[in-house]
Amino acid sequence: MTSEVLEQRPFRRAVVSTSAIAENVRSLRARFAGQTVIAVVKANAYGHGAVASARAALAGGATWLGVADLNEAIELRSAGIDSSLLCWVHGPNTAFEYGIAKNIDIGVSSLAQLEAVAAAVARLRLGNEAGPVTAMIQIKCDSGLSRNGVPSDQITSVFSRARELERAGVLRVRGLFSHLSNASEADDREAIAAFAGIVKMATDAGLEPDLIHIAASAAALSYSAEDLVVLPVNAVRLGLVIYGLSPLEGVTSADLGLRPAMCLEGTVLNVKRVPAGAGVSYDYTYRTAGETTLALVGLGYADGIPRAASNSAQISVRGRTYRIAGRVAMDQFVLDVGDDTVDVGDTAVIFGDPNDGYPSVESFAEACGTINYEIVTRVGPRAYREYTTE
Ligand SMILES: *Cc1c(COP(=O)(O)O)cnc(C)c1O
């Protein structure tokens, strides 16, 4: 039985504003006018809920969606989302025919993946009397990140084999893409120049990609069209920013004209008065300085509150913030609220929109020694996703 059946309102809530996502995409579309916006909704839309977030991004004017793997892409298709869709992280035995049949672009990062796509097309054709099937692929090129993507010493063979398969009608190379390190402007420029060389090699090989993209949120905000003049880029892959969060250190959501879409809320489940010197939570890493009131909040590390938030992160209750007292446990943590009045049923906000007076994801992340990306992405499945259009 789900918690929404058990209770009027679940006591762990990730309240997600789909309007905020749509508005963020709308403003980013205006900012990147002339470029195709690929809204990245991988990892359950960075914890915000894949299907609802994808719909919101499309409502805001995104024309493409991006996810990591094929399962994520198929989840969107199964929900009836039929927009253009790209996925780029694959297992060694991924059966690409399920994606090809659903019109999902496959990001290809090796010769082996290219051959696997060709084999999947052959299997589809065997079982399909309706006519020939053509896979849409986008080749991911490693221009310096040394992560995913075709390495430079294999680029020529991948391009020439792709062109051969294209001529045979097996597939079409719809796009070329790469990814940046954000290590420094100089490093990014070097990678952009390397990718420009790779794009030239692709056209020399006879490929005619419609989409060329390298920038994710941080680079898209950092580099103007003039900066990228060596590249014929015409698309940006935007993840974090569509959820209203900033990828740039020292730059807030508000600075970027964005609105954080998620507010993570717990509920006060127990309140007790304790004497001075009371040990609080596992290992007694916190002891009360004087007689005080403790409030128990029903969210823990299983819900994405890192254990590193222990004795560190500030939580908002009734408009005041309190540092977490003692260790974060799997399902709960404690606040020392002093002599303030707090009642069972009160909402404890972990993070939300600072414009509403809540701690930002960024300040919460900093208290935990991590980044906003990791915090929202790890909000656990027990936190009920409640969607609002506020
Ligand atoms: C996750 C991801 C993105 C989106 O990154 P943001 O920084 O969230 O915009 C873009 N491209 C690739 C290849 C990714 O893996």
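## Ligand shell and an aromatic pair

In this predicted model, an N or O atom in the side chain of W88 lies 3.4 Å from an oxygen atom of the ligand, a polar contact being a pair of N or O atoms within 3.5 Å. Local features need pLDDT of at least 70 and side-chain atom pairs pLDDT 80 or more, while totals for chains, interfaces and linings use all residues. Side-chain values rest on heavy atoms, without hydrogens and water, and residues are numbered from 1 along each chain as its sequence is written.

| Residue | Distance to a ligand oxygen atom |
|---|---|
| W88 | 3.4 Å |
| Y46 | 2.5 Å |
| Y373 | 2.5 Å |

The protein covers 93% of the 390 Å² of accessible area that the ligand has on its own (Shrake-Rupley method, 1.4 Å probe). Around the ligand there are 14 residues, of which K42, Y46, S217, R237 and Y373 come nearest (near: a heavy atom within 4 Å). The shell divides into 7 nonpolar, 3 polar and 4 charged residues, with Tyr and Trp counted as nonpolar, Lys and Arg as charged, and Gly as polar.

Among the 4 aromatic pairs of the structure, the rings of Y46 and Y373 have centres 6.3 Å apart and planes at 35°, so this pair is tilted; rings pair if their centres lie within 6.5 Å, with planes under 30 degrees apart counting as stacked, over 60 as edge-to-face and the rest as tilted.

Conventions
Polar contact = N/O pair within 3.5 Å; in protein donor to acceptor, adjacent residues only side chain to side chain. Phe/Tyr/Trp six-rings, centres within 6.5 Å; stacked < 30°, edge-to-face > 60°.
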